[in-house]
Amino acid sequence: ALPLLPGARAYVSPRPPFYRPLAPELRARRLELGAEHALLLDEAGQVFSWGQGRHGQLGHGTLEAEPEPRLLEALQGLPMAEVAAGGWHSVCVSETGDIYIWGWNESGQLALPTRSLAEDGKTVAREASGLNEGGPSGGEDGAPAPFIALQPFPALLDLPGGADAVKASCGSRHTAVVTRTGELYTWGWGKYGQLGHKDTTSLDRPRRVEYFVDKQLQVRAVSCGLWNTYVCAVERGES
Amino acid sequence: MAEDHREPLAGAGALRETLRVLLPHTKEELVPELGEKVERSVVRLLWEAAELFCGGCRRECLQASEAILDYSWEKLNTGPWQDVHKDWRRVYAFGCLLKAVCLFEEPGDGPAVAAALKACDMGLLMGAAIHGDILIKVAAVLQAHLPSGKRPGPGPAQEQPSMKKARDDPVSVPDVALERPVPRLRCPSLQHFRKQFLVPGRPVILEGVADQWPCMTKWSLEYIQDIAGCRTVPVEVGSRYTDEDWSQTLMTVNEFISRYVRSESRDVGYLAQHQLFDQIPELKQDIGIPDYCCLGDGEEEEITINAWFGPQGTVSPLHQDPQQNFLVQVLGRKYIRLYSPQESEALYAHETHLLHNTSQVDVENPDLEKFPKFAEAPFLSCVLSPGEILFIPVQYWHYVRALDLSFSVSFWWS
């Protein structure tokens, strides 16, 4: 599947050079391109990243660029089923249904508290925990969790209700995930309606797209353009 | 600013007229010239937006300008800043221009005019000049039309922070008498400066050169707020840029002063390394350019002038710059330490590309176990006071700490 070319010896880039070879020993299964980085999933379920790192999107714990594919050591031993690249963030889904996410969080695309949403008053109120005083809360003593601008290491993300993820796709600054039970969750930049929650609010936490629940549709796949989201869904009961 | 610049509600038609006169009249003239880096689909969007503007469809034009801004903003954030094509910055500036002139209906609508002014500032900060720096002209017009409540003049209850600064730890003024001083000269000739300091790369403090600049008597917190209070500027938050919790953010000068200068903020905020005088030309009239810059190879327009404005306690970690520097002190004093490039080995620069010009050593609290050679590295130091200019030769390592509320102006030249 593009941008990976058949044979997995090379991929296409939207910027010259358009044809880019890949070392065959990488055994690429899937490749995703961000605005300034690339993610590669190999046959063994390992993730590699390279390109610019200034937004933490490479996941190696620094902001340095990587000229060549570099293995994500933090995920070693956790076989991944899917990778997805947003403009400046990266997501992968493990074979057991866990989501790992890293990179830029300026619009909440990592599902971590982001200052821009808090200041615009646009954060959807977090579930009352009894400790929440209006700012993001974390920790049992109710101390507010800090805002996160970027996350240079993979972070484990739990969906509400502990649902297992099976597919993920990223737009420029938003993220979409399909669960094993056929639900769709989205978060991040919402200004152009790309989150599908019937408004243009951005979110820094995962929220289920109720449209598919209301219409009794089972989501099978999701694919994001830069500022939009495409979903493949079937009526529940269909095989 | 003089009283007669304020035109409250009566200015409704006058404001729109003033702006209309400033802008190109036809859509052909309105859309900036762009090369092939900008996709045709985007150019088409610019034309559509220009047509909407010329047709008076304010709301639709605003929507189109938002898309122009969002798209070009993504380009501005892709790859290293110096590699961002200037055309994308022109597109961004164009989006800011349309947004600014479409944002408000009534000039009495303070928040809308402030938002329009912010749009101009974003275009000035991140965009590239279009239509002969039109954003500066639009900003000046908007600033003059802010409803009087929004324009902060000197109020009766403004405390003088320089007297009030009761921080928990009293500022430690190093005893520079115990350290090797930077030599001082009063108005040296160009030849003398070149021969003794520029060519051999030796620091020196120049006295009597900038002390008559208007800024030395005119600038105060009140004056700065009056001229630039409602303008949006970049601010660095965090004790120093090598810290993990250091960040950059945007806010108006008023917000910066109220949050980080007048009040006892837990965080340090620093309006640092910002070309404020390009953004607000009125301030540029208060400063000069040191004559000695003509000894360089570059043109006067190529000299980078930066403002450094912040409370007592701001720190610039030990680092080196790729150009010659005249650091002019206007308000307050700064403690400065200088290490020759020959001592670089003892200064333990970071190995990352991002910070390769910055030392790992905390100059006034060095970890000598980790950085043993630092203890023996010779240095010069000084307390730079208002009216004085410090010449920092190219690649000369320098560390700066503000001892008071401080405003400095730096001139980077080659």
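How many salt bridges are counted between chain A and chain B? The count is 3, where a salt bridge is a side-chain nitrogen of Lys or Arg within 4 Å of a carboxyl oxygen of Asp or Glu. The model is predicted, so local features need pLDDT of at least 70 and side-chain atom pairs count only at pLDDT 80 or more, while totals for chains, interfaces and linings use all residues. Residues are numbered from 1 along each chain as its sequence is written, chains are lettered from A and ligands numbered from 1 in the order in which they are written, and side-chain values use heavy atoms, with hydrogens and water left out.

Start with chain A. It has 2 helices and 16 strands. These are DSSP runs, numbered from the N terminus: helices are H or I with at least four residues, strands are E with at least two. Of its 239 residues, 47% count as buried. Buried means under 20% relative accessible area, exposed over 50%, and partly exposed in between (1.4 Å probe, protein chains only). Contact means heavy atoms within 4.5 Å. Among contacts in chain A between residues at least 6 apart in sequence, 46% join residues at least 24 apart.

Now turn to the face between the chains. Chain A brings 16 residues to the contact and chain B brings 13. Together they bury about 1200 Å², with 54% of it on carbon and sulfur atoms. Buried area is the accessible area (1.4 Å probe) that two parts lose on being put together, summed over both. Glu64(A), Trp88(A) and Trp227(A) supply 34% of the area that chain A buries against chain B, more than any other three residues.

Arg173(A) forms a salt bridge with Glu74(B), with the closest N and O atoms 3.8 Å apart. Ser172(A) also reaches Glu74(B), through a side-chain polar contact of 2.7 Å. A polar contact is a pair of N or O atoms within 3.5 Å; within protein, one must be able to donate a hydrogen and the other to accept it, and residues adjacent in sequence count only if both atoms are side-chain atoms.

Ser172(A) sits in the loop between strand E11 (165-170) and strand E12 (174-179) of chain A. Its relative accessibility is 2%, so Ser172(A) counts as buried. Leaving out residues up to four places away in sequence, Ser172(A) touches several residues, including Trp88(A), His89(A), Trp227(A) and Glu74(B).

On the domain 1 side, Asp121(B), Leu125(B) and Gln143(B) supply 55% of the buried area, more than any other three residues. Across this interface the rule finds 1 salt bridge. The side chains of Asp121(B) and Arg231(B) meet in a salt bridge (2.6 Å, N to O).

Finish at helix H12 (residues 253-262) of chain B. Here 7 of the 10 residues are buried, so the helix is largely enclosed by the rest of the structure. Among them are Phe256(B), Tyr260(B) and Arg262(B).
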